[in-house]
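Colleague: I want to know what stands behind the labels on this model. Can we go through them one at a time?

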Amino acid sequence: MKIGNNVTDKTGRGLKFLCIGLLLSVTLIWGYGIIATDEALTGSMGVFTMLAGRFLLAAVILFVLRLCLFRTKGYTKIAKRELWAGIAVGTVNFCGFVFQSVGLLYTDTAKSGMLTGAYVVFVPVIYCVLRKKFQWRPLFNALLFLVGMFFLFDFRGTTLNFNRGDAVTLLCAWCFAVQIILVDRFADDINVFNFNAVQMLTMGLLGLTGALLVERQNFAFINWSVCLPAVIYLGALSSAYAYIVQTFAQSRVSPSLTAILLSLESLAGVLFSLTAGKVGWTWTCLLYTSPSPRDS
């Protein structure tokens with residue numbers, strides 16, 4: 001990692017605690033990001049259009065930051081490892097966001113937040129498979145997760161409330177688990193701005209391709225008074241800031257601990273979803289006079 005190596009004490013604990021705090025800030029941002037994503041979809045913005053706007057905005061922000069740091073050592077060019085790592089991680093991450101966004105079309109934000117947090121179980125399980133070494137703790141955690149799923153969705157009842165949106169959201173959690181593992185593999189010897197700029201650009205271009213192929217007819221029906229603030233929030237905070245922090249923090253924090261900290265996004269998402277109906281999209285009201293569809 002080529003940033004922040006001197007912000008620490010002799011044992012490295014200072015920087016580790018800083019990274020943990022930064023990861024916790026990401027959980028809050030991502031927790032509210034579930035609400036913002038739902039708002040964008042409610043405003044008739046297609047999944048691919050929303051993802052294209054979000055990640056292209058994030059890419060612009062990060063490339064502008066690179067220009068500001070252009071004369072700094074390590075920012076003059078993007079190395080091949082950073083390029084291919086950004087493309088690979090961006091592709092996997094994009095699939096996760098597509099699954100999460102599609103899942104929100106069929107399930108509520110509270111369930112989406114809880115199911116997205118399943119990557120905290122998937123990360124150590126995937127590590128067991130990759131290392132071909134049996135470890136009882138990850139498998140025990142996976143068993144507990146399945147038991148929790150049993151009670152959450154009441155599989156005993158006559159009316160099964162596990163729908164296709166929930167299944168798609170689980171695929172999203174699996175993709176996010178793979179993304180955490182890939183970032184852990186690359187995080188130690190890449191430039192965080194270069195890597196994440198390529199990652200955001202990859203995701204934005206994939207979203208733009210999907211939007212142009214399948215969502216062009218929906219552009220005229222987008223409610224920009226609802227969608228634009230959501231996309232700005234998702235692009236600037238949930239993407240540009242959050243992924244810089246994640247990549248930087250994983251140079252000092254293990255992937256398992258990272259997954260545990262980021263899984264608190266689920267709790268934040270549930271809490272934000274419970275209060276969203278009461279407080280509303282408050283900052284949107286400060287920018288626009290037209291009400292949200294949820295307030296009408």
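Modeller: Start with handedness. A crossing is left-handed if the near helix is turned anticlockwise from the far one by less than a right angle, and right-handed if clockwise. The crossing of α3 and α7 is left-handed. Two cautions: this is a predicted model, where local features need pLDDT of at least 70, side-chain atom pairs count only at pLDDT 80 or more, and totals for chains, interfaces and linings use all residues. Residues are numbered from 1 along each chain as its sequence is written, and side-chain values use heavy atoms, with hydrogens and water left out.

Colleague: What makes α3 roughly antiparallel to α7?

Modeller: Helix α3 (residues 80-104) and helix α7 (residues 164-186) pack at an angle of about 160°, with axes 7 Å apart. Angles under 35 degrees count as roughly parallel, over 145 as roughly antiparallel, 65 to 115 as roughly perpendicular and the rest as oblique. Therefore α3 is roughly antiparallel to α7.

Colleague: Which residues of α2 meet α9?

Modeller: Among them are Met 50, Arg 54, Ala 58 and Ile 61. Their partners in α9 include Val 231, Leu 234 and Ser 238. Contact means heavy atoms within 4.5 Å.

Colleague: Why is Arg 54 called buried?

Modeller: Buried means under 20% relative accessible area, exposed over 50%, partly exposed in between (1.4 Å probe, protein chains only). Arg 54 has 3%, so it is buried. Arg 54 sits in helix α2 (residues 47-68). Leaving out residues up to four places away in sequence, Arg 54 touches Thr 37, Phe 97, Val 231, Leu 234, Gly 235, Ser 238 and Ser 239.

Colleague: And what makes Tyr 32 buried?

Modeller: Its relative accessible area is 16%, so Tyr 32 is buried too. Tyr 32 lies in helix α1 (residues 13-42).

Colleague: How do you know that the length of α8 agrees with its residue count?

Modeller: The expected span is 1.5 Å times one less than the number of residues. Helix α8 (residues 192-214) has 23 residues and should span 33 Å; its end C-alpha atoms are 33 Å apart, so the two agree.

Key:
Helices (H or I, at least four residues) and strands (E, at least two) are DSSP runs, numbered from the N terminus. Axes are lines fitted to C-alpha atoms, for helices over the stretch in contact, and angles run from 0 to 180 degrees between N-to-C directions.
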